[in-house]
Every structure is written in C-alpha cells, then in structure tokens.
Amino acid sequence: MKRSFDELVQLMTKLRGPDGCPWDRKQTLPSLKPFVIEESYEVVDAIDRDDRRDLCEELGDFLLQAVFIAEVTREEGSFDIYDAVTAIHEKLVRRHPHVFGDVEARDAEQVLVNWEKLKNEERKAENKSVLAGVPQALPALLKASRLTEKAARVGFDWRRTDDVFDKLAEEIAEVREAIAAGDEAQVHDELGDLLFTIANIARKLNVNAEEALQSTNRKFSRRFASMEAAVRERGQNLDQLTLEQMDQLWDEAKTGERG
C-alpha cells in the first residue's frame, strides 16, 4: 500500500504531539543536524553501490529529515513543509526561463550559465556575495571545489590548467619550506593551500574532487583488506611484517586487481 506525502506529514505531527514519542518531541533544529548529514551520505552511498532497494529506503529517511525539521519550524510559527515546497517550486520555475519563459538554452552548459546569472541577480538584490550559496558545513574538499567553481563562473579563474599545475609546484615548495623551518602553524596553512590548489586542478579537469578521493579511499581499503587476508592465511599479523614485506603484499594486491 502506497502512502502519500500528506500522510507522512501527519505522522510526524503525531510523533511530535502530546501523545507522541518522547524522543521525537525532544528534538530541536541543532539536534537534527547530524541526522541530516548522515542521511545525505547514506543516500550517496546507496547510489555508489547501485543498490536501488536501499536507495529507496534511504531516500525515505532523507525525506523524513526535511519533514521533521519543517514540523519543528511549524510549531514555532516560522513555516511548514508546504511553504518549503512552494519556495522550491517557485525557484525552479524562476530559474528555468528556457522552459517556462522565452530564454533559449542550447545545451546543459548554457543552462548552468543562465542559472548562475539568475542567482547572481538574486544575490545582488539581497546584497549577498557570489560565494554565499556555498554551505559552511560542507566537507572541506567539496567546499573548496564549490568555492572555486562559483568564483570561476564570474571570471575569477586560471586561464589554463597548466597555470594551476605551476601553482601546485609553488605550493609544494612552500610546504617544504615551512617543514624545514619547523613552523607548525605555517605547515598547517601551506598544506591547506596545497589541498585547495589540488581541488582547483580537479575542477579544471572536470573531475569531482570529493568523488575522486572517495574512490581512492575505497581502493585503499580494498587493497589493505587483501593484504590482511593474505597475512592471515600465513598465520601472521601485519604488525609482524617489515615495511618491505608489506609493500610486497600491497603490490600483489594491486596486481590481483588488474588481473
């Protein structure tokens, strides 16, 4: 039996009501923040695993967070979930003049250009920065990508990818200098600059830096698990091996993947 969106909203109102759930009634906007982040990542994880059944369930959990937050704000008299639905509906119509108006868009790239122009006009009217739409709570690498992407859309960008590689070499040299000087605060800052530059390179190459790093994280975990399995078969633990022996196992794990 399929349930409607309205039924979900009514259910949340019941859970938050006097005869509802003590835990649900106790929640506040700040206390719900970790769940919003966690559910977002679980949706992404289900997509990465190409698991449609799990994705369906995780989308339900994700939707619940929006309904939950909107119920809290409804109770305080700010807005309800239907106000949020109205706001996104109006925004989508406003930012798609090539569908609902007389603006032309030849391809997806032109759509993005038009979208950014409309957002800039809205920001100017509200006296907001070009970077205002980048959430402060984003993971650092993803945030770096979004910041440079938004800056690039108004022309603040490297002309060539090779120029960013020159900057990368410069940042690596500055990290080395900070390490040689024994300046921990400077090492911290220079490493940040280095990571920011790498995010810039990824953007220039049309690579999602966050996804690329996550892919490498998964690859590392998979190969490390292969090393551990190989060692267990020998009746040993990794901490009993030399670095050279572990390097050999790592190479074997890489070769096994290619095979």
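**Helix packing, cores and loop residues in the predicted model**

Helices H8 and H10 cross in a right-handed sense. The model is predicted. H8 covers residues 140-152 and H10 covers residues 184-204. Their axes lie 9 Å apart, and the packing angle is about 60 degrees. H8 and H10 are therefore oblique to each other. On the H8 side, the contact is made by Leu141, Ala144, Ser145, Thr148, Glu149 and Ala152. These residues meet Leu195, Phe196, Ala199, Asn200 and Arg203 of H10. Sorted by class, the contact of H8 with H10 holds six nonpolar, three polar and two charged residues.

H1 and H4 pack at an angle of about 55 degrees, and 10 Å separates their axes. This angle makes H1 oblique to H4. The crossing of H1 with H4 is right-handed. H1 contributes Phe5, Leu8, Val9, Met12, Thr13 and Arg16 to the contact. H4 contributes Leu63, Leu64, Val67, Phe68, Glu71, Val72, Arg74 and Glu75. By class, the contact of H1 with H4 comprises nine nonpolar residues, one polar residue and four charged residues.

The largest nonpolar core has eight residues: Val9, Met12, Leu32, Val67, Phe68, Ala70, Val72 and Ile81. Two elements give two or more residues to this core, namely helix H1 (5-16) and helix H4 (52-76). H4 gives the most, with four residues. Phe68 is one of the core residues. Beyond its neighbours within four places in sequence, Phe68 is in contact with Met12, Arg16, Trp23, Asp24, Gln27 and Leu32. Met12 and Leu32 are themselves members of the largest core. Met12 and Arg16 are also among the H1 residues that meet H4.

Arg223 is a charged residue in a buried setting. Arg223 sits in helix H11, which spans residues 209-233. The relative accessibility of Arg223 is 13%. The cut-off for buried is under 20%, so Arg223 counts as buried. With neighbours within four places in sequence left aside, the contacts of Arg223 are Trp250, Ala253, Lys254 and Glu257.

Asp50 is not a glycine, yet its phi is positive, at about 55 degrees. Asp50 is placed in the loop between helix H3 (29-48) and H4. Its relative accessible area is 54%. The cut-off for exposed is over 50%, so Asp50 counts as exposed. Asn206 likewise is a residue other than glycine with a positive phi, near 60 degrees. The loop between H10 and H11 holds Asn206. Asn206 is exposed as well, at a relative accessible area of 74%.

Note on methods
Residues are numbered from 1 along each chain as its sequence is written. This is a predicted model: local features need pLDDT of at least 70, side-chain atom pairs count only at pLDDT 80 or more; totals for chains, interfaces and linings use all residues. Side-chain values use heavy atoms; hydrogens and water are left out. A nonpolar core is a set of buried Ala, Val, Leu, Ile, Met, Phe, Trp, Tyr and Cys residues joined through side-chain atoms within 4.5 Å. Buried means under 20% relative accessible area, exposed over 50%, partly exposed in between (1.4 Å probe, protein chains only). Contact means heavy atoms within 4.5 Å. Axes are lines fitted to C-alpha atoms, for helices over the stretch in contact, and angles run from 0 to 180 degrees between N-to-C directions. Angles under 35 degrees count as roughly parallel, over 145 as roughly antiparallel, 65 to 115 as roughly perpendicular and the rest as oblique. A crossing is left-handed if the near helix is turned anticlockwise from the far one by less than a right angle, and right-handed if clockwise.
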